[in-house]
Amino acid sequence: WISIHPAVRILIARGFRSGKTGYVGLAGIVETFKHAGTYVLELLNLRVWALDMTWSPWEIAVLVATVIGATAGAWYLLGETNGAARTRSKVVAVGILLAIGPWILTSAMVLGFSQYYAAFPGLGTSLILGSWLANRRRGVAVAFVALFFVLGLWSRASEMKTAYLTESDLRISSQAHVKLWKEMLRLQPTFPSGSQILISVRAHGRLRVYHQIYNYQMPSYWYRDPTLVIRKPENRKTGESPEFLFAVPQDLDIVRIDPKTFQATSASGRAPTYPTVEQALRTYAVGLAACGETDTAARLLVEMPEIDRSLECFHHRMAVMFLMAEGREADAQKLLLGIPPATREWALDNLPAVLAQQPSTRNFDGAALRAFGVDSTDVPALRELTAWNVRWRYPDPAGRFADRLLRLSPGDPTGLAAAAVRDSALEARGKARIRED
């Protein structure tokens, strides 16, 4: 593993100094011992966090039946104690060799704890525990196996109240992905090779759709076409490849949207909700502007169907923002003439939606403040925008506005806290195994 792993080779070449080595690096003494102890608990099927039992009667019945069957099978298969001590000692030696190395490496050289890494030393510890059981009476061995089995089912089938991932979470996520997969294939049976698929995801939480679609490019697996590229609408790229726009609401009833005609079709045939379509079109306009297609982006926002005057003003001011960002002041002022004046309260309520979802290649912060009529030196306004981004976990805009805030008000607590959040996010991305687009 050390000899073939590229991140480990880079780490060694740099004298064990972390940096751009993905999730590999020296974890530090305290973290190493903490990880090592937690992996031992994992190997014994023990959890140190509170468990939330949410089993249905059917699941409890399956658990009881499985334990009875496993216990009976263990009683039949284990038999009475037998085997030479010399053979068992060799097995224990091999088990120690297979367990100690992976246990130390995963504890010391993997930045961050992931419970499934216990599988690496698990092969060796299984041999060690098996050898110990081979020298016990059948009743003791069966009781141990039954207890171990029950602890595993109990801990892995229970929902955790922390961010600690369990099999029950994976089941929810798996079911969500299967549903989304079927819905997308029903709505769009095929894609031309090399298509750019822009997906606006509003489904969050334990479904884990957001991360999987972008980071793991799941639709390319569903359609068995590695040439498909999946991006957020605000991160679209200009090119000759066919382009498709979709939106995924919380119920996973995926929606296909034509940004030219504003026609939206859901997989179920039900009428999509306005917020689902609006967010997709709005972020698509941001992507257009980021690629230099300012007129197309502004026209989309101005012509978009509206449900109230406030949203119309919001989209028009976004169009003004794009024009200002390109230095087209005359065009921006002309468009502003038909928009009611924005109150400071209204602007601060609506600006976060603009600032939170921006392309990875550029940002419209300064132009957004001007277009929405917020003074760039208004410290309370900057503080409010900074706090909002921290509260809703948008570290990048939080950090940018923290920098603005700290230039005007050095030592501001909100600015310092947001800067720390941004720095922590950057560090976490450096440890991430997959780069974010």
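Predicted model: local features only at pLDDT ≥ 70, side-chain atom pairs only at ≥ 80, totals over all residues.

Visitor: Which element gives the most to the lining of the second largest pocket?
Guide: About 430 Å³ of space lies in that pocket, and its lining consists of 20 residues, with Glu-243, Asp-258, Pro-259, Lys-260 and Tyr-284 nearest the centre. Strands S5, S6 and S7 and helices H10 and H11 are the elements that each give two or more residues to this lining. The element that gives the most, with 4 residues, is H11.

Visitor: What is the volume of the largest cavity?
Guide: A search of the whole structure for cavities of 30 Å³ or more finds 1. The lining of the largest cavity, which includes Ser-200, Tyr-210, Lys-232 and Gln-357, has 4 nonpolar, 4 polar and 2 charged residues. Its volume is about 50 Å³.

Visitor: Does Asp-412 count as buried or exposed?
Guide: Asp-412 is found in the loop between helix H17 (395-408) and helix H18 (413-431), where its side chain reaches the backbone nitrogen of Thr-414 at 3.0 Å. Beyond its neighbours within four places in sequence, Asp-412 is in contact with Arg-383, Leu-405 and Leu-406. Because its relative accessibility is 5%, and the cut-off is under 20%, Asp-412 counts as buried.

Terms used: Residues numbered from 1 in each chain as written. Heavy atoms only, no water. Buried < 20%, exposed > 50% of the residue type's maximum accessible area, 1.4 Å probe, protein only. Polar contact = N/O pair within 3.5 Å; in protein donor to acceptor, adjacent residues only side chain to side chain. Contact = heavy atoms within 4.5 Å. 1 Å grid on protein atoms, 1.4 Å probe; cavity = no way out; pocket = protein on both sides within 12 Å on 5 of 7 lines; lining within 4 Å. Points joined across faces, edges and corners; volume = space filled by probe spheres on them. Nonpolar A, V, L, I, M, F, W, Y, C, P; charged D, E, K, R; others polar.
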